[in-house]
Amino acid sequence: MQHQQHHHHHHDLNPSSIIIVGAGVFGASTALHLSRRYPSYGITVFDRSPFPSPSAASTDISKIVRAAYSDLNYCRLAARSHDIWRNDRLLNKFYHEAGMLSIRPYKGGARAMLENFKRLGINEDAKVVTPEEVKTMFNGVFERANFNKVEEFLWEPNAGWAEAANALAAIMQAAVDNGVSYVSNAVSKLIVVEGRCCQGVELTDGSKHYASKVLLCAGADTARILAESAPQDPGLHAGPRFVAGAIIEAKVKLTSEQLERYKATPAVLWDADPARGETMPPTPDGYLKFIRDIPLANTLVHAASKTRISVAPPNAEGTEWTARENLPEVLQDEMTTVIGGIFGPDAAQELIPQHLRLCWEPLAPDESWFVTPHPRCENLYIATAGSGHAWKFLPVLGEFTVRMMLDPKGWEDDEFAKSWAWDRELIDSPDEDVIPRRQLADMR
């Protein structure tokens, strides 16, 4: 105990120790940006697994990199991030420019995106295309697709995708090379002292680690960690701000003939019935990935706080790529619906997923992130709720988290600070399927 007291006292005097909880996009990007800007700081990242952590939403085979946002600020930021993906020595080898085809039934539709591109002077090759045109493009892969009521798509030839796990690992490795400590050990809770001040973290093994600032970016585990840290103090809890939800993913290993047939496939966001999902271009090792964009939650009673919180299942089958028979049949069938909707009924018969995954992350009703000091807990900072779209910002996220922690006055004036604030008014996104309306337990 003597040692711990001394230890924690020593850190009180050292304003340059920072703990980062979680090594997904927010944690890894923060670690790298911090280590570049403040090389003398003591920075420690805690994550339950070595990086890239297999249960993190950001550890995946592929993620879309695009600038299309109806919100001009996000659009501008995405365009800047996209530039880094193309040109940065650390990242560009993981980036592939295959174009992106998307259905934009709401959020102002495709025209709003094109308007933003025009205002920012980017992506001048992007255009609206009809289902008839789509059938003839891309080597005809969409000839048999189910277009249902879709009238137009947005085609962005200069969008692309990135090898997600590889890029995430490269960012984290660069931070470690700069002196950041990475500890593969799970945080069980934050150390919050009377008067609501965060002084560090306690790991599942009971060890305590102190720092002058703690950044909580534990993805799907964020709400649970907050409840665990202050069970009797709802002022610290996440409440309705975000809900851990899973998006179902599938991957299909292509034969060499199939690879030939599908190699022209762009990144696809098929946001319409019946498919309601996405596919990605084949990876270099020949996998096609599909996503069903209808999330599910796993809401349980958290015993200590007596609150209901959605949490990812504790087992690998519930969070990582797994044999498809390990997931409920209804979810297997949904993947068939996605494949058939995007590529036609024959494709659904011959493209059989070998692996499925429940990819867990926090979803916010307004689809914006939380990048914010915790207003009711000193020295605690939050960066989470990617809501399915933070990944493409991996190169720039750390810029914001570093400013938020180390330049609080400047941060208050930032436009993003207001839209990412802890106590902002949560206005539901026009995309009514952001917050999961179904439960994993009901799928069995």
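In what sense, parallel or antiparallel, do β11 and strand β12 pair, and over how many bridges? The two strands pair in the antiparallel sense, over three bridges. Here helices (H or I, at least four residues) and strands (E, at least two) are DSSP runs numbered from the N terminus, and two strands pair if DSSP finds at least two bridges between them. The structure is a predicted model, in which local features need pLDDT of at least 70 and side-chain atom pairs count only at pLDDT 80 or more, while totals for chains, interfaces and linings use all residues. Residues are numbered from 1 along each chain as its sequence is written, and side-chain values use heavy atoms, with hydrogens and water left out.

Strand β12 covers residues 208-210, and its His 209 is the bridge partner of Val 201. β11 and β12 form a hairpin with four residues between them, and Gly 206 in the turn has a positive phi of about 90 degrees. β11 also pairs with strand β10 (residues 187-193), again antiparallel, through six bridges. Within this pairing Lys 189 stands opposite Glu 202 of β11. The hairpin of β10 and β11 has three residues between the strands, and Gly 195 adopts a positive phi near 80 degrees there. As for β11 itself (residues 197-203), seven of its seven residues are buried, where buried means under 20% relative accessible area, exposed over 50% and partly exposed in between, with a 1.4 Å probe and protein chains only.

The cysteines come next. A search of the whole structure finds zero disulfides, a disulfide being a pair of cysteine sulfur atoms within 2.5 Å. Cys 198 is buried at 1% relative accessibility, and its sulfur lies 5.3 Å from the closest cysteine sulfur, that of Cys 377, which is too far for a bond. Cys 359 is likewise buried, with a relative accessible area of 5%. Its closest cysteine sulfur, in Cys 217, is 16 Å away and so too far for a bond.

Another sheet is open and has three strands in the order β3-β8-β4, with antiparallel pairing. Its edge strands are β3 (63-65) and β4 (95-96), each of which pairs on one side only. Three bridges link β3 to strand β8 (residues 160-162), and Lys 63 stands opposite Ala 162 in β8. In general, strands of a sheet pair through backbone hydrogen bonds, either parallel or antiparallel.

The loop between β7 (153-156) and β8 holds Asn 158, which counts as buried at 16% relative accessibility. Asn 158 touches His 82, Arg 86, Tyr 95, Glu 97 and Asn 123, not counting residues up to four places away in sequence; contact means heavy atoms within 4.5 Å. With Asn 123, the side chain of Asn 158 makes a polar contact of 3.3 Å. Such a contact is a pair of N or O atoms within 3.5 Å; within protein, one must be able to donate a hydrogen and the other to accept it, and residues adjacent in sequence count only if both atoms are side-chain atoms. Glu 156, in strand β7, is buried at 0% relative accessibility. Leaving aside neighbours within four places in sequence, its contacts include Arg 66, Phe 117 and Asn 123.

Val 402 belongs to helix α11 (residues 397-406) and is buried, with a relative accessible area of 1%. Not counting residues up to four places away in sequence, Val 402 touches Thr 30, His 33, Leu 34, Arg 37, Tyr 38 and Asp 407.

Several backbone details are also worth a look. A cis peptide bond with omega of about -10 degrees joins Phe 51 and Pro 52, and Pro 52 lies in the loop between β2 (42-47) and β3. Another joins Asp 273 and Pro 274, with omega of about 0 degrees; Pro 274 is in the loop between β15 (267-270) and β16 (277-279). Glu 367 has a positive phi of about 65 degrees although it is not a glycine. This residue is placed in the loop between β21 (355-363) and β22 (370-373) and is buried, with a relative accessible area of 18%. Asn 379, also not a glycine, has a positive phi near 65 degrees. Asn 379 sits in the loop between β22 and β23 (380-384) and is partly exposed, at 22% relative accessible area.
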